[in-house]
Amino acid sequence: MNISLYNTLTKKVELFTPVQPGHAKVYSCGPTVYNHAHIGNMRAFLFADLLQRVLRVVGQYNVHWVMNITDIDDKTIRDSKVGSDKWLAEMGEQSGNPNADLSTFTKYYESKFVEDITKLGIEATHFISMPRATEFIPAMQELIRNIVRNGFGYVAEGSVYFNLNAWRDADSYGKLFQVDFGNFREGVRIDADEYERESVSDFVLWKATKDGEPYWDFEFDGEHLPGRPGWHIECSAMGKELLGLPFDIHTGGVDLRFPHHEDEIAQSKAGYGVEPASFWCHNEFLEVEGKKMSKSLGNFFTLHDLLEKGIDALDIRFAMMSAHYQSVFNFTFDGITAAHKARTRVQDFIYDVWSANGTEHIDVQSVRTSVFGELANDVHTPKALAQLFGFINKTNPTTLNEQSKQELLAFFTELNNVFNVWQISSRPEVIIEIPEDVIALAQQRWQAKKDKNFALSDSLRQQITERGYVVKDTKEGFEVVKE
Ligand code: AMP
Ligand code: ZN
């Protein structure tokens, strides 16, 4: 099926046409590994996963998916420094070597990130690469050299900056996001990785080393510039190295449109002569109970916090996927309960289809076409699920004939390759664990019976019943079941 996507670059829903027919190359801005990702971040990664699965399953593309790991930036440096109160015992001793400590610190959070996304149903095998920024420093340096040589960058006090004014004279800036140049201050330089739109100015490509911070050597036209890359240059270089330019789709949360993605476009075009991607897809924010998620409001959740409360990770996945990625997602506990119910409703239907044994024929192709049609239309999961529930509500799964049953199971297998929250199987037998003390009572009762002490055996049976279990005599001995 043809896929259409809203493209932030053109502000329109457009037919997706890849650079290389049959292949979809997707770059997703990944996590900055200085902390446990919160569920807002998870929305961005779940959207990227949903999109690449729709491309695979509905669009039949061969997907090349890259999600980077930002393991060098202002925050990772700040929190891995000697004496940081963010350094955890599990990370071992701090070595005092800033590069080594940065690596230990970020690898710890990278492994937590991989654990989290795995629980959320994102499959590691779907990535062609999860590149660490620190492993692509030479490619970033090469790009910085190109930018300066092409006249769009300059060296100042050991750092290298992007010359926004020179770039704006030659090309454009602000394609994704309406940038207000009213406050543009020529010659003002920004060193921070993240900044407000009010402070649009020359941004840093390479930062001069500071005492006690990690650094890499950089020989630049005879100058020695030890330092480290700015955040934006990382994605420009990794996208080109791993996918080639231009690739097809770049994803991230709406907050990344400016400055991160604007700067990425400017850098890639200024240095490589090519824009990174033809489609830019941005997910809206996740809010908690109607408020922006923040640590100070105490409404900040990591995945671990939610699992501790007994929530199933797949209900979180399903809840987030049930909303359209371009609308604000309001996270509530009631919403998770509703998602659990809806997911279970579909699961029960699948179990019933599995055991179908009737004569009724249904048109599976038409439900498949309508559900996939909605997914193909800008990944509209709420409309796709509405189609699915409309079908489920009017279908009796147990009366289906063999052909309809097989077609329906094949459709649910495909659909689950997108949602990844169901089991396509028969209803599993529920195994009830009998507590050890109840088994001990049953054994004592069996012994009392053999001893013909019926008063004791009756009283033991009574105790077992009071615990909510039933003991039955069988040919081989006895059996305990839940009442
Ligand atoms: P970071 O690790 O801060 O670079 O963010 C990783 C991803 O999470 C980026 O794509 C952000 O746009 C996205 N993101 C951050 N906060 C939220 C939120 N509350 N809702 C949705 N996406 C978010
Ligand atoms: Zn990025």
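These exercises cover helix packing, a ligand site and backbone geometry in a predicted model.

Local features need pLDDT of at least 70 and side-chain atom pairs count only at pLDDT 80 or more, while totals for chains, interfaces and linings use all residues. Residues are numbered from 1 along each chain as its sequence is written, chains are lettered from A and ligands numbered from 1 in the order written, and side-chain values use heavy atoms, without hydrogens and water.

**Exercise 1. Describe how helix H1 packs on helix H9.**

Step 1. Locate the helices: H1 spans residues 39-57 and H9 spans residues 313-322. Helices are DSSP runs of H or I with at least four residues; strands are runs of E with at least two; both are numbered from the N terminus.

Step 2. Take the geometry. The angle is about 70°, and the axes are 10 Å apart. Axes are lines fitted to C-alpha atoms, for helices over the stretch in contact; angles run from 0 to 180 degrees between N-to-C directions.

Step 3. Classify. H1 is therefore roughly perpendicular to H9. The classes are roughly parallel under 35 degrees, roughly antiparallel over 145, roughly perpendicular from 65 to 115, and oblique for the rest.

Step 4. List the contact (heavy atoms within 4.5 Å). H1 contributes Ile39, Met42, Arg43, Leu46, Asp49, Leu50 and Arg53; H9 contributes Arg317, Met320 and Met321.

**Exercise 2. Which residues come nearest to ligand 1, and which polar contacts does the ligand make?**

Step 1. There are 17 residues around ligand 1 (a heavy atom within 4 Å). Gly40, Gly253, Asp255, Phe285 and Leu286 come nearest.

Step 2. Check the polar contacts (pairs of N or O atoms within 3.5 Å). A backbone N or O atom of Gly40 is 3.0 Å from a ligand 1 nitrogen. The side chain of Asn41 has an N or O atom 3.2 Å from a ligand 1 oxygen. For Asp255, a polar side-chain atom lies 2.4 Å from a ligand 1 oxygen.

Step 3. Alone, ligand 1 exposes 490 Å², and the protein buries 89% of that. Areas come from the Shrake-Rupley method with a 1.4 Å probe.

**Exercise 3. Where do the cis peptide bonds lie?**

Step 1. One joins Leu245 and Pro246, with omega about -10°. Pro246 sits in the loop between helix H6 (231-243) and strand E13 (247-253).

Step 2. Another joins Phe258 and Pro259, with omega about -5°. Pro259 lies in helix H7 (residues 257-272).

Technical notes: A polar contact is a pair of N or O atoms within 3.5 Å; within protein, one must be able to donate a hydrogen and the other to accept it, and residues adjacent in sequence count only if both atoms are side-chain atoms.
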